[in-house]
Amino acid sequence: MYNFIFQNTTKIYFGENRLGHLGEELKQYGTRVLLTYGGGSIKKIGLYDKVTEELKRAGLTVFELSGIEPNPRHTTVNKGAELCKKEKIDVLLAVGGGSTIDCTKAIAAATFYDGDSWDLVTHKAPVSKALPVLTVLTLAATGSEMDAGGVISNMDTNEKYGLIHPLLQPKVSFLDPTNTYSVSAFQTACGSADILSHIFDVTYFTATEKMDMVDRIMEDIIKTVIKYAPIAVKEPENYQARANLMWAASWALNGFLQTGAFQAASCHAMEHELSAFYDITHGLGLAILTPRWMEYILDESTAPQFKKFGVNVFGVDASLSDIDGAKQAIVCLNDFLFKTLGLQSTLTEIGIDDKNFKVMAKKACKGDVLKGFKHLTPEDVENIFKMCL
Ligand code: NZQ
Ligand code: ZN
């Protein structure tokens, strides 16, 4: 088991009608606020009006950056950082999903850097300082509302990388499940696949020893997603379903489940290549990749964990052999993602062919092997991409 430090400092307001606390929380960091959001969903659901009303009531001076893209771009980060410098912003308020929150975190750091924000993402320059970030979450998926990372894309170079730094941990996040009622069935399914993948990737499926307590909690969170995602897809305004998915998303990646074991996010590294080249929805890429990755690495060493997953989560027959139990677990996961949640199951269906697989595989491995439950060579990664066609 690995030694670890666990610290998570984000203050959470969970539930309905908590925005009355927004002004007092922001004012702890200053009076000049940059409100950031995406393509307008927050206006459609009336959240923009509620937030701006609160900011006005608190007497704050508000600037805005809208149009943050899903898979947010470094160019948008640069734009936001310029605005922060020009308007002497004290604090950032991100209202949206993972993309808006990630972009806002990068803006927070880029405000204190004079070059291109991409330098921070590629570690050419270190994060030295960051503006405080508060969030109002509208989509249960990434965990960005309660973690210190953000993922930024550079579409000129087809690169997508994480920027992780303790200074980027949100100070406060408002989690109101009713703000996710309007999330489409597709985005709900993709978000749920992302939550599951965070647990699988870091660190439910691992070659290293795990802490049993954490392992059991991971299975409970997986079961929670499997129970409530189909309900949220069918009944978008089911509070219980939306609340469970929201809290599951935050806990899947807030550091707690990552304690004690080696972290290596193979499926995430492969998916980031897909979205860097084809701008696809992150959770969809993960859904397509994960069962193929399991199939590809299935052998005597991985089978016991895959079987255990099948038995404990899907009720697969415990008397099956490890290999047969593992195969059954993969079938159950396939059925859940593609039949129950209705996600597309192949890259071909979403218009992706094998043209860039070789270069994507090489990039995913970063000149080495892609570490994980089983270490993967570029050739392995290319084979997994091909299995997804
Ligand atoms: O842009 P708007 O208009 O807000 O619409 C968004 C977007 O089109 C919409 N949406 C969000 N909330 C909604 C809503 N539509 C209706 N009602 C609502 N309440 O949903 C679409 C997708 O939004 P996005 O923010 O892109 O989704 P998600 O939260 O899944 O974030 C994905 C991004 O996060 C990164 C991904 O790579 C991707 O770039 N990740 C971030 C991580 C982190 N910070 O720790 C870890 C993850 O593994 C992931 O890589
Ligand atoms: Zn993810």
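**A loop and the ligand sites**

Reply: Asn-158 sits in the loop between β6 (149-154) and β7 (159-164); helices (H or I, at least four residues) and strands (E, at least two) are DSSP runs, numbered from the N terminus. The model is predicted, so local features need pLDDT of at least 70 and side-chain atom pairs count only at pLDDT 80 or more, while totals for chains, interfaces and linings use all residues. Residues are numbered from 1 along each chain as its sequence is written, chains are lettered from A and ligands numbered from 1 in the order in which they are written, and side-chain values use heavy atoms, with hydrogens and water left out.

Asn-158 is not a glycine, yet its phi is positive, at about 50°. Most residues other than glycine have a negative phi, and most peptide bonds are trans. With a relative accessible area of 23%, Asn-158 is partly exposed (buried means under 20%, exposed over 50%, partly exposed in between; 1.4 Å probe, protein chains only). Asn-71 also has a positive phi, near 60°. Asn-71 is in the loop between β3 (61-65) and α4 (74-87), and its relative accessibility of 7% makes it buried.

A residue is near a molecule if one of its heavy atoms lies within 4 Å of it. There are 31 residues around ligand 1, of which Gly-98, Ser-99, Asp-147, Ser-182 and His-198 come nearest. A backbone N or O atom of Gly-98 is 2.7 Å from an oxygen atom of ligand 1. For Asn-179, a backbone N or O atom is 2.9 Å from a nitrogen atom of the ligand. His-198 uses a polar side-chain atom, 2.7 Å from an oxygen atom of ligand 1. Taken alone, ligand 1 exposes 950 Å², and the protein buries 87% of that (Shrake-Rupley areas with a 1.4 Å probe). Two or more residues of the shell come from each of α5 (98-110), β6, α7 and α10 (266-278). By class, the shell has seven nonpolar, 20 polar and four charged residues; Ala, Val, Leu, Ile, Met, Phe, Trp, Tyr, Cys and Pro count as nonpolar, Asp, Glu, Lys and Arg as charged, and the others, Gly among them, as polar.

Because Asp-194 belongs to helix α7 (residues 185-204) and His-282 to helix α11 (residues 282-297), the pair ties together parts that are 88 residues apart in sequence. Asp-194 is buried at 2% relative accessibility, and His-282 is buried at 15%.

Helix α7 also contains Thr-203. The peptide bond joining Val-202 and Thr-203 is cis, with omega about 25°.

Conventions:
Polar contact = N/O pair within 3.5 Å; in protein donor to acceptor, adjacent residues only side chain to side chain.
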